[in-house]
Structures are given as C-alpha cells and as structure tokens.
Amino acid sequence: MNDRDVFEYALLRVVPRVERGECFNAGVVVYCRARSFVGARTHLDEGKLSVLDPAADVAGVRAALRAVEGVCLGGDAAGQAAPDDAGRRFRWLIAPRSTVVQPGPVHTGLTTDPEAEVERLLDLLVR
C-alpha cells in the first residue's frame, strides 16, 4: 500500500534590491491537497542579506517572512486569508510579486508527512 501523497512547494527568496535581481533562499512553503496542509518555515541569513544590501531593512524582511508563516497557520495569524482553505492560502502565497520577499517556481514531490517535508526542504535548500 502506498501512503505517499503529492505535495507542492515553493522557495521563498529574498531579493534585497529588486533592480539587481540578486537573491538567496530564506524559506519554503509546502502544500499537500490530500491532507489539507499548508506550512512554511523560514530562516533569514542576515550575513547574506547585508552582503547584497548593507542598507537592507532586516526587520522588514523578517516581518514579511513571519507573515508568510502566519498565513500558513490560518486563524488570526492569517489576516484576510483566515477564512480561506489551505489551497487558496498556498496559491495566494506563491503568486508572483515584485517585493523583497518573493516566491520561486512551484515544484512537486511525494511525501508521507508534509509537515516533516517542510523541515527537510528548509534544511536541504535554505540553511
């Protein structure tokens, strides 16, 4: 019996100076429709951020990353997205935007534990 489910994920990229296009990974968002799961974990490397833009708004970048995690949690932390289901919140988070924190392309995989997948991908692709 195969108990693995399809999941989708996107990296969160920090682009301190949008006009230069330089970026680094600072988080991951995972969605698993079969389990109605959406989750995000972030890790901001302040050293990389300061190399790319010494004048970067570190507090602002941290707030944007925390906001993504809040939308995934749902409830009051999700703000206007609170009543949306997991899939709608994921789609909203991965919509292209021209801000300092941007989602990358969506990728897919198979997992038995979407929550553990968030940590695995953070360790593999961000830290």
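The model is predicted, so local features need a pLDDT of at least 70 and side-chain atom pairs count only at pLDDT 80 or more, whereas totals for chains, interfaces and linings use all residues. Residues are numbered from 1 along each chain as its sequence is written, and side-chain values use heavy atoms, with hydrogens and water left out.

Helices (H or I, at least four residues) and strands (E, at least two) are DSSP runs, numbered from the N terminus. Four strands form an open antiparallel sheet in the order β3-β2-β1-β4, two strands being taken as paired if DSSP finds at least two bridges between them. Strands β3 (37–42) and β4 lie at the edges, each pairing on one side only. Neighbouring strands are turned by 20° against each other on average, direction ignored; axes are lines fitted to C-alpha atoms, for helices over the stretch in contact, and angles run from 0 to 180 degrees between N-to-C directions.

Strand β1 (residues 5–14) is joined to β2 (residues 24–32) by seven bridges in the antiparallel sense. Within this pairing, Glu 8 has Tyr 31 as its bridge partner, Ala 10 has Val 29, and Val 14 stands opposite Phe 24. The antiparallel pairing of β1 with β4 comprises nine bridges, with Asp 5 opposite Thr 111. Six bridges join β2 to β3, including a position at which Tyr 31 stands opposite Val 38. The two strands β2 and β3 form a hairpin with four residues between them, and Ser 36 in the turn has a positive phi of about 50°. Eight of the 10 residues of β1 are buried, so this strand is largely enclosed by the rest of the structure; buried denotes under 20% relative accessible area, exposed over 50%, and partly exposed in between (1.4 Å probe, protein chains only). Strand β2 is likewise largely enclosed, because eight of its nine residues are buried.

Helix α2 (residues 58–73) has 16 residues, which should span 22 Å at 1.5 Å a residue, and its end C-alpha atoms are 23 Å apart, in agreement; the expected span is 1.5 Å times one less than the number of residues. Its buried residues are Val 61, Leu 65, Val 68, Gly 70, Val 71 and Cys 72. These residues pack against β1, β2, β3, α1 (46–52), α3 and β4. Gly 74, which follows α2, has a positive phi near 80°.

Two aromatic pairs are found in a search of the whole structure; rings of Phe, Tyr and Trp (its six-membered ring) pair if their centres lie within 6.5 Å, with planes under 30 degrees apart counted as stacked, over 60 as edge-to-face and the rest as tilted. The rings of Tyr 31 and Phe 90 are stacked, because their centres are 5.3 Å apart and their planes lie at 20°. This pair links strand β2 to helix α3 across 59 residues of the chain, and both residues are buried.

Gln 102 lies in strand β4 (residues 101–111) and is buried, with a relative accessible area of 18%. A polar atom of its side chain lies 3.0 Å from the backbone oxygen of Thr 99. Beyond its neighbours within four places in sequence, Gln 102 is in contact (heavy atoms within 4.5 Å) with Leu 11, Leu 12, Arg 13, Val 15, Val 18 and Arg 97.

Conventions:
A polar contact is a pair of N or O atoms within 3.5 Å; within protein, one must be able to donate a hydrogen and the other to accept it, and residues adjacent in sequence count only if both atoms are side-chain atoms.
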